[in-house]
Amino acid sequence: MKPRISVLTLGVTDLEKSVEFYRDGLGLKTEGIIGKEFEYGAVAFFELQDGLRLALWPKKSISKDTGIEEQNSSSLEFTIGHNVADREEVDAVMKKATEANAKIIKPAQDTFYGGYAGYFQDPDGHLWEVVWNPAFDPEG
């Protein structure tokens, strides 16, 4: 298997609210909700970088598509890492998340490995880490 991820899909409770958070709050680009003409088909895609997309799809639709019953989830199941170029950019993204009404879990602060990072949650509790790591080039 070639290591390639092209879409990260987040299960959401309220698609419109989540689109508003990511589009209007965080400023991610999207064409909005598509697929409304199909039962369980409404979804929104956001272009990230290099062909990577973030998809928001209602949990009930994922349940229907997979045959797995909806279940309780934990914010600790995974995190989404948003690596940035410097400490100032961490602060700017955390400020934008705050203004979008994200729940700030851990304000930006120095890390044990010499970086700088903070955590916030989206409206469904998905956990984002905004991080500057001096050993990791986000452009590379």
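1. Which side chain meets that of Arg23 in a salt bridge? The partner is Asp24, with 2.8 Å from N to O, a salt bridge being a side-chain nitrogen of Lys or Arg within 4 Å of a carboxyl oxygen of Asp or Glu. By this rule the count comes to four salt bridges.

2. This is a predicted model, in which local features need pLDDT of at least 70 and side-chain atom pairs count only at pLDDT 80 or more, while totals for chains, interfaces and linings use all residues. Residues are numbered from 1 along each chain as its sequence is written, and side-chain values use heavy atoms, with hydrogens and water left out.

3. Arg87 forms a salt bridge with Asp110, the closest N and O atoms being 2.7 Å apart. Because Arg87 lies in helix 3 and Asp110 in strand 6 (residues 103-110), the pair ties together parts that are 23 residues apart in sequence; helices (H or I, at least four residues) and strands (E, at least two) are DSSP runs, numbered from the N terminus.

4. Asp110 is exposed, with a relative accessible area of 52%, whereas Arg87, at 32%, counts as partly exposed. Here buried means under 20% relative accessible area, exposed over 50%, and partly exposed in between (1.4 Å probe, protein chains only).

5. Strand 8 is mostly covered, since five of its six residues are buried. Strand 8 pairs with strand 5 (residues 79-83) in the parallel sense over five bridges, and with strand 7 in the antiparallel sense over six bridges, where pairing requires that DSSP finds at least two bridges between two strands.
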